[in-house]
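Student: I would like to learn how to read this structure. Please take me through the interface and a few residues.

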Amino acid sequence: MSGFASAARAGLDDPQLRRNLRQATTTIRAKRDAAVAEVDDWEGLRTAGAAIKDAALLALDAHLERLEANVVAAGGQVHWARDAGEANAIVTALVRATGADEVVKVKSMATEEIGLNAALAAAGIAAYETDLAELIVQLGDDRPSHILVPAIHRSREDIRALFERELGETGLSTDPAELAGVARRHLRERFLRVRVGVSGANFAVAETGAICVVESEGNGRMCTTLPDTLITVMGIEKVVPRWEDLGAMLQLLPRSSTGERMNPYTSLWTGVTPGDGPQAFHLVLLDNGRTTALADAIGRQALRCIRCSACLNVCPVYERAGGHAYDATYAGPIGAILSPLIDGFERHATLPSASTLCGACYEVCPVKIDIPSVLIHLRGRVAREHGAPPSERAAMRAMARVLGTRRKYELAQRALRTAGRPLSRDGRLERRLPGPLKPWTTFRDLPAPPEQTFREWWRSR
Amino acid sequence: MAFAMSAARAEVLRRIRDALGDERAPAPPPAPAAAAAAPRVADPVARFTQRVGDYRAGVTVVEDASEVGAAVAAALTRHAAADAVVPADLPAGWVPTGIAALADDPPLPHARLAQVGAVVTACALAIAETGTLILDGGVGQGRRAITLLPDVHVCVVGADQIVGTVPEAIARLAGTPRPLTLVSGPSATSDIGFVRVEGVHGPRRLEVVVSRRA
Ligand code: SF4
């Protein structure tokens, strides 16, 4: 077992995780469907969303330069990072220059991707996650399992115990409102004290230099408003060309993501504003493999992704295996294409196979990323550039031999029936098949071979 | 550091150009037709108040500006707020007598704002379709921190400020140099056991007063 397959085993064996995931994804799916049904021309809006992001990607250099010029004109500073190490070094140096040794952070996939918290810790700077779920993940020294609900693998009881152990609280109940109240008190003190904020960005407008952060809890507002210095780390694909593009994006994202007409808080700012909010603003533009993805003409549509997580919530593989199985920052269907595209096939060669190609992800994607087609394209690239997995090649060779003549085929069926009977129960093959078919049957339930083959039945009729 | 940064800038731009080759977007980019053509809302006040109510925020509709003060007072009383921070230029008469009003002038320290029971503001615009309030730091709104730290936010909306849809609001806000905050209901999380809890970090209570006439 390797890659996705072995990591998925842990998820499949954890009934709590599977229950939580199923409950959450079922609830979000229903909410998303209702929110989308309310919009008269959702299809037109999706098409607009895809067109906006394509327009941004196909002239990405020009839009980034325009964004940079506008941020600088509004009193901000722009930094460019080729990779994770460079981005971490920039942020670390910026924090050091303020004299601070702690930062408050709002959940961001980009900083998760580059491992910013660990880099800051190595430099003696404490990074406090302020999203409730991220706080839970951080206190538990854990990893997020879902873009939207990163602590979905934690039960209320887990969280109660965690807060009592890590936050010095006693006598807590498992009431979510009470637990959220504990987090509010704990984090409020930090918001008022810490002088540097770190955020990601959902959108950045080239035309005006505006940065947009979309959130629910208010911690994003805290991190982008209260500190003296704000550092935003943004993947270069987050830029949109024009201000009016927000009109489409701010409909597509909340309805697809949490199934709300609008998320509770959306913050937009441009550079610095005298007398209001941080008086120093730094924008870090992060490549880290995005230009590699851009070079793949079919794969580049993955860069349209606005991280709504709708594709995760409809994915049968994700629902059963859980986010940790992908062993990558980006999980689910989008992770299966984005991770190898930006992070290379060496680490993620098995991910393009982590799908049944059912197509549900494409249907819900607000920016029309054709994930199944990109998956097939990437499987092709894996096979061409890195060779097909050995078991698949062996199985294909055996199949060709057996299907070659009718006699061999009938013999093989009889052999399978004899061999399969001790392995089957209730009409299903209980255990893995031996030999070259082992990897395939490890993760699939097969019907047990019938007592009589079709040909035998036809002859004895 | 400066040199390293400009080297990174040049290389990222070069990588983008290499990746795209001759495939360039037609300039200017295509207009998002569907987003612009979003249908108008027939009765914006009714739609707006219904949508705000869906977020479990309080809504009061009054006939004209003379009734705003009383509606604000009732909203503050509902949440037992004894004091409220107000922007220096909040219209006179919106803050009821009997409540301790603190003008944010000179600016109050964050720690002080966190102890105030409520904040009363105007807004720049509102969106009917999504029940959204938009603050742009203009008249009667103050800086962002004052609507963030107190526990109750009372926001006064004029009927003529309500637009139908998100694209209409975005179009009206084009060219605004100030930071924007879009508020759709009180802060919320579903992070624990997937149960929705109102009020994590922002104001835990949102009260909206709609005045039909100025
Ligand atoms: S791929 Fe599409 S559906 Fe999936 S997270 Fe990205 S934008 Fe959402």
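**Reading the interface**

Tutor: Start with contacts, meaning heavy atoms within 4.5 Å. Here 70 residues of chain B are in contact with 88 residues of chain A. This is a predicted model, in which local features need pLDDT of at least 70 and side-chain atom pairs count only at pLDDT 80 or more, while totals for chains, interfaces and linings use all residues. Residues are numbered from 1 along each chain as its sequence is written, chains are lettered from A and ligands numbered from 1 in the order in which they are written, and side-chain values use heavy atoms, with hydrogens and water left out.

Student: How much area do chain B and chain A bury between them?

Tutor: The size of an interface is often given as the accessible area lost when the parts come together. Buried area is that loss with a 1.4 Å probe, summed over both parts. For chain B and chain A the figure is about 6900 Å². Carbon and sulfur atoms carry 62% of it.

Student: How many salt bridges are there between chain B and chain A?

Tutor: A salt bridge puts a side-chain nitrogen of Lys or Arg within 4 Å of a carboxyl oxygen of Asp or Glu. The count between the two chains is 10. B:Asp151 forms a salt bridge with A:Arg184, with the closest N and O atoms 2.9 Å apart.

Student: Which element of chain B gives the most to the side that touches chain A?

Tutor: Elements are DSSP runs numbered from the N terminus: helices are H or I with at least four residues, strands are E with at least two. Several elements of chain B each supply at least two residues to that side, including helix 3 (44–54), helix 6 (166–172) and strand 9 (180–183). Helix 1 gives the most, with 13 residues. By type, the residues of this side divide into 41 nonpolar, 14 polar and 15 charged. Ala, Val, Leu, Ile, Met, Phe, Trp, Tyr, Cys and Pro count as nonpolar; Asp, Glu, Lys and Arg as charged; the others, Gly among them, as polar.

Student: Is A:Asp61 buried or exposed?

Tutor: Buried means under 20% relative accessible area, exposed over 50%, partly exposed in between (1.4 Å probe, protein chains only). A:Asp61 counts as buried because its relative accessibility is 4%. The residue lies in helix 4 (residues 60–73) of chain A. Leaving out residues up to four places away in sequence, A:Asp61 touches B:Leu13, B:Ile16, B:Arg17 and B:Arg24.

Student: Which side chain makes a polar contact with the side chain of A:Asp61?

Tutor: A polar contact is a pair of N or O atoms within 3.5 Å; within protein, one must be able to donate a hydrogen and the other to accept it, and residues adjacent in sequence count only if both atoms are side-chain atoms. The partner is B:Arg17, at 2.9 Å.

Student: Now the inside of chain A. How far apart are A:Gly49 and A:Met249 in space?

Tutor: Compare sequence separation with C-alpha distance. This pair is 200 residues apart in sequence and 6.4 Å apart in space. A:Gly49 sits in helix 3 (residues 42–57) of chain A. A:Gly49 is buried, as its relative accessible area is 0%. Beyond four places in sequence, A:Gly49 is in contact with A:Met249, A:Leu252 and A:Val367.

Student: Where is A:Thr329 found?

Tutor: In the loop between helix 15 (316–321) and helix 16 (332–343) of chain A. A:Thr329 is partly exposed, at 28% relative accessible area.

How values were computed
Buried area = accessible area lost by both parts, 1.4 Å probe.
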